[in-house]
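Have the viewer open as you read.

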Amino acid sequence: MARRLCSGNRMVAEGALAAGCRFFAGYPITPASEIYEVMMRELLGRGGLALSAPDEISSLCYCVGASLRGLKAMTATSGPGWALMIETFQYALMTETPVVIALVARLGPSTGGATQGAQGDVWLAEFATSGGYTVPIFSPSTAVECFELTMHAFNWSERLRTPVLLLSDKEVGMTTEVVDDEALAAPPIVERARFAEDGKFRTYGFAELEAVPAFAEVGGEAKVAVTGSAHDQEGRLRKNAPEVIEVLKHLQRKIEAHAEEMALARTDLEAGSPRLLISYGITARAARQAVADLRRGGMRVSFLQPQTLFPIPRGTLDWALAGVETVFVAEENLTGQYRAVLAPYLGGRQVVGINKIGALISPAEIVQAVRAEEAR
Amino acid sequence: MSEYLAPDAQLPYCRGCGHASVVRQLSRALERLQLPPRSVVLTTDIGCVGLADSLFPYLHTVHTTHGRSTAFATGIALADVLFEQGNLKPVVMIGDGGAMIGLIHLVHAAQLNVDVTVLVHNNFLFGMTGGQHSALTPVEFVTATTPAGNYTPPLDLVALLRAAHAGFLARKFATDADLDALIAEAIAYPGFAMVEILELCTAYGTRWNQLTGSKLKEIAALQGYAIGKPETSLERPTFREMIRHQQHNSHAPPPTQPAMLPHVEGATLTTELRLVVAGSAGERVQSAAGLLAKAALAAGLYATQKNDNPVTQGTGFSLSEICLSPEPIEYTGMDSPDVVIVVSADGLKELTANGTLARSRADTLVVMDAKLDAPAMPGRLVKLPLRRRATPQRAALAALAAWQALAPVVPPAAWDAVLGAMPSDRREDLAEALRIGQQLAGSPSD
C-alpha cells in the first residue's frame, strides 16, 4: 500500500495537478499558503506556470486571464483574500470563465483568527454575486476528499464554464493525515468543450438556456468578445434587449440543470431512523464518530455529509429524509449557515442546529445535543 | 480599408473628445505593424474608454471590471508564454481613474515586464460618471468633486512606473499627429509598455476649466512632463525570457510521494491515542512529532498531526497534537489527551493557557522537563532531565523516545525505518536523541 502522510492543502494542490491545472497565481495567507507554495514548487516543472501576485485581486484576475487564453487555472485563499476576490469572481461567472478557487476558511470576521478553523464562510462564498446566482461549492472533510473534490471542482468548472469553489478550512487544510494513494478515487478528467472552428462563433452562444457555450480561447482563430457587462450571445453590450435577460437566465439554468449530476455526498443511512444528522467539512468527521457512538448506545440515526454544498443536493437530501422526523445540522459557525439554506427543503421537519465557534465541535457535543433533544 | 477599426464605425464619443483620436491612432498603429487581427487582444476598462471594443470587429476583445483591465491582460500574456507559438499582443485601454484604482496592476505588470501595452487615456477626471477628480487631476483643476480646484498634486505615472522598472514609458497628446507611430513602437516593444495620453474631456474638462489644446500643453509643462520621447530599457529581460530561463533551470519537480517507508510489524496500539508535545520555537518540536507520526505510519497505524505556534513563527511556543490509531481517525480534537509532553517553559505556558493540562485525566501521562514547575493537574507526572541530558534541540525527540520506552506503541523497528529514510547527515543526531530518551526512561531520577 502506498500510504503517506499528507495535509489537506497538499492534496488540494495534487488534485489540481491531477485535474490538469496549468496556471496558478497566489498571494500568501494562512491557512491556505501551502497550496500556493506547492504550486510554485511543482507547476513549472510540469509544463505549467505559477506566479506570485501582488494581491488577491490580481491573483484571480491573472487566473481568469489565463483561463480565457485556454488554460485550467486555480488560486487559493482564505476569508480576507476571498473578500478581495469577489469582484473578479463575479466577472468569471458573468463571462463564463472556468476557474477554481480553493477557499481555506479561518475564523472571521475580518482578519479574525488566522490559525483557527471555522465554517463561517458558507454564505460569503455562496451568496457573493449580485443577483444571487448558484455557485458550485464542494467541501472536503479529509485529505483524500481534498484531492478528489478538487478534481471534481475542476471538472465541473470546465464542463459548465463557471467558477467553482472548493471550501475547506484550517483544520482540514493544515492537518496532516495518512493518505493511501491506491484508494484515491480520481474521476476521469473533463475538458471544456471547444468551438469546432466551423460555422459562426458566438462567445456566449447557446441553443437552450441550460446549454454551455462552446469555448474558443482568446488568441485563437475565432474572434472572442468577452464582457462582464450585460450582453447578448455575441458578447455585445446591450441594454433592455430580451436576449440579455435570456443570457442572465442561462447563467443560472446551466448550473441548476446539472444539480443532481453534481451532487456528491457520503451517506450512512439507517432504515427507519427518525433522526438524520447532517454535517459537512471538518465537522463531518466528528459527526461520523458521533453517529457510531449514538448507535453503540442503541439509538437509530442516519448520517448525510453533502460534499457538494451547492447546488443543494436535493435528490440526495429527499432520499435521506425518508421517514425522518428530526434533522440535526452540525457546523462550526454561530448562526447555522448551511442549516438556514437547507431549511426550506426539509419538509417542515423539526430542525436542530449544533453550532459552536472557536474550536472543533466534538463527537461528544454532537451526541449530547442529539440525546438532549430526544429527552425533551 | 482597415482590418482594425471598422470603416463605418460610429465613434460614440463627445465632439472633441480625445478618445476618438486615440482609437483612430491605435488603428493606424496596428496597420503600421501589420499585426494579424487575431494576435491582438484589446482589453478595455470601465469608462467612456471602455466603449472601444465594438469598434474593432476583428480583434479579440475583453471588456473588464474597473481598473482591472491591466491585470486581466497580464493574465492572458502570462498564459501565452506557455504556448509554443504564443505571440499575443494585449493592448489595454484605460482611463486615469482606472489607472488609479488599478495602480497595483500597472506596477506589477511593469515589474514582470510582460508583453502588455497600456494606453492610459488621461483626461484628468472621471468622464462617464460626471467629471469627478482622479489621482491624475492637475492642481487647481476644477472637477465635479473639486469645485474650488484640486489641491492634491497629480500622480506622475511615468515616474512611478520607472521606479517599477517598466521597459517602455512615454507621454503624448491625443492630438499629436505621430501618436500612431509611438503606439506602434509601444506595441512592438516585447515587454511592458505604458503610454500616457493627455486628452481633453469636452463634456466636463473644458466646461469647468479654461482648457484648450494649447492650455493642455501648458498644464503638461507645469507638471514637468516630457512629451513624446519614449524612454526604453530594452536590456531588461522580458517575462517570456525570464520564464524560459526558469524553465531551463527548473529541476524536475520533487517526487509527489516521499520515500516509502518499509512496513514494520509489531504495533501494540489497540485504541486511539492522543498526544500533545509542546516546547519552544526552533527546538524541533514539530519535526520530532512528525517523526512519531511517520513511525506510526511505518507500523501500519493511522496518524494525524496538527501544529501550532504564535503568528511570529520563530519565537515563543511550538506544539504538535498527534492522534494515533489502528483505525482511520475522524475527530482530531485534543479534548482529553492521553499523553502530554512538555519540554520547555514556553510549552508549559501554552499548555496551561490553552487548557490542555487542565483537561488531562488521572491516567494521562505527563512527561515534563525536570526544571519546570508543574501546575496542579489531574495527570500523572513524570519529570525527566530532558534539557540537561539531551540538548534543547533534541529534548522533544528524547522525550518521545522516553515515553515510548515507558509505554510502547510504535515498535523500535519503526523508528529505525524512519531514521533510515532520513538524510544521512541527520540520522546520527536523531539516533542519539532517541538513545538518550531510552536511557532517561530507564533511570528517570538521574
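A residue is buried if 20 or more other C-beta atoms lie within 10 Å of its own, exposed if 12 or fewer, and partly exposed in between, with C-beta atoms placed from the backbone. By that count, 59% of the 376 residues of chain A are buried.

A quick word on ground rules: this is a predicted model, where local features need pLDDT of at least 70, side-chain atom pairs count only at pLDDT 80 or more, and totals for chains, interfaces and linings use all residues. Residues are numbered from 1 along each chain as its sequence is written, while chains are lettered from A and ligands numbered from 1 in the order in which they are written.

Chain A has 13 helices and 15 strands; these are DSSP runs numbered from the N terminus, helices being H or I with at least four residues and strands E with at least two. Its C-alpha atoms fill a box of roughly 65 × 45 × 40 Å along the principal axes. The radius of gyration (over C-alpha atoms; the globule rule is 2.2 Å times the number of residues to the power 0.38) is 21 Å, which agrees with the value near 21 Å for a compact globule of 376 residues.

Now the sheet. In chain A, 7 strands form an open, mixed sheet in the order S3-S2-S4-S5-S7-S6-S13. S3 and S13 (308–310) of chain A sit at the edges with a single partner strand each, so one side of each has no neighbour in the sheet. Strands pair if DSSP finds at least two bridges between them, and one pairing also crosses between the chains, as the table shows.

| Strands | Bridges | Direction | A bridge pair |
|---|---|---|---|
| S6(A) and S13(A) | 2 | antiparallel | A:Ile137 and A:Phe310 |
| S9(A) and S2(B) | 3 | parallel | A:Val226 and B:Val62 |

How many residues of each chain are in contact with the other? 55 of chain A touch 55 of chain B, a contact meaning C-beta atoms, placed from the backbone, within 7 Å. Elements giving two or more residues to chain A's side include S1 (3–7), H4 (79–94) and H10 (281–296) of chain A. H3(A) supplies the largest share, 8 residues. That side divides into 25 nonpolar, 13 polar and 17 charged residues (Ala, Val, Leu, Ile, Met, Phe, Trp, Tyr, Cys and Pro count as nonpolar, Asp, Glu, Lys and Arg as charged, and the others, Gly among them, as polar).

Note on methods:
Two residues are in contact if their C-beta atoms, placed from the backbone, lie within 7 Å.
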